[in-house]
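I set out to record a few local features of this model, entry by entry. The notes below follow the order in which I looked them up.

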Amino acid sequence: MIACVTLTVDNLSELHDVAPEGYKILRALAALLAPLIVYLLWKKILWSKLFRVNTTGEQRFGNSELSISLNGEPESRPIVLYLKMTNHSGRIMDIKAPVIVFKRWRSSRKFRIRKVNESEIYPLLLDHNQSHELTIQLEPFYRQEPILRTATRVRMEVEEVRGSERLRSRFVRLKWI
């Protein structure tokens, strides 16, 4: 009886045994799909943006006529932002009022800064090699819209009155989550 059971077990193992060729096909398929998956994840997450070191924090239009930089004070959880716009062209530039953009995940809120110290200075004329600095307190925005306290990033957008191109600054991280 024991001999019959061993013969049956041996016969069953021979029927369901996977040959090494089956694993070779699976390995080849995984080797072909792995680079594709890594490439798609790389494009989706954009690792270059996560690990980018931007020492100047300065962004320029395509023809390098206008540059803007946005920095926060303090570095972590800033309550004050400093925007600096510099005209590098040989002509006078007419700049529209800047727009501050608060972002959290996929949602965003935009506000146009129309007045500075109760006076309207926009549209602003910038001469050759002239810069304009703007200090932005975030607390009035938080008082006006309490939902903005949940925003994780902020950036500024500036555009010329006659141009259609909008220059966006780098993001300043307000908090991580």
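I began with Phe-111, which is buried because its relative accessible area is 18%; buried means under 20%, exposed over 50% and partly exposed in between, with a 1.4 Å probe and protein chains only. I noted that the model is predicted: local features need pLDDT of at least 70, side-chain atom pairs count only at pLDDT 80 or more, and totals for chains, interfaces and linings use all residues. Residues are numbered from 1 along each chain as its sequence is written, and side-chain values use heavy atoms, with hydrogens and water left out.

I then looked up the ring partners of Phe-111. The ring centres of Phe-111 and Phe-141 lie 5.6 Å apart with planes at 50 degrees, so this pair is tilted; rings of Phe, Tyr and Trp (its six-membered ring) pair if their centres lie within 6.5 Å, and planes under 30 degrees apart count as stacked, over 60 as edge-to-face and the rest as tilted. Phe-111 belongs to strand 6 (residues 107–112) and Phe-141 to helix 4 (residues 139–144), so the pair ties together parts 30 residues apart in sequence. I took helices (H or I, at least four residues) and strands (E, at least two) as DSSP runs, numbered from the N terminus. Phe-141 is buried as well, at 17% relative accessibility.

I counted 4 aromatic pairs in the structure. Phe-102 is buried at 2% relative accessibility. Phe-102, Phe-111, Phe-141 and Tyr-142 make up one aromatic cluster.

Most residues other than glycine have a negative phi, and most peptide bonds are trans. I found a cis peptide bond from Tyr-122 to Pro-123, with omega near 5 degrees. Pro-123 is in the loop between strand 8 (119–120) and strand 9 (124–126).

Which phi does Trp-105 have? Trp-105, not a glycine, has a positive phi of about 55 degrees. Trp-105 sits in the loop between strand 5 (99–104) and strand 6, and is exposed at 66% relative accessible area. Asn-129 lies in the loop between strand 9 and strand 10 (131–137) and is exposed, with a relative accessible area of 52%.
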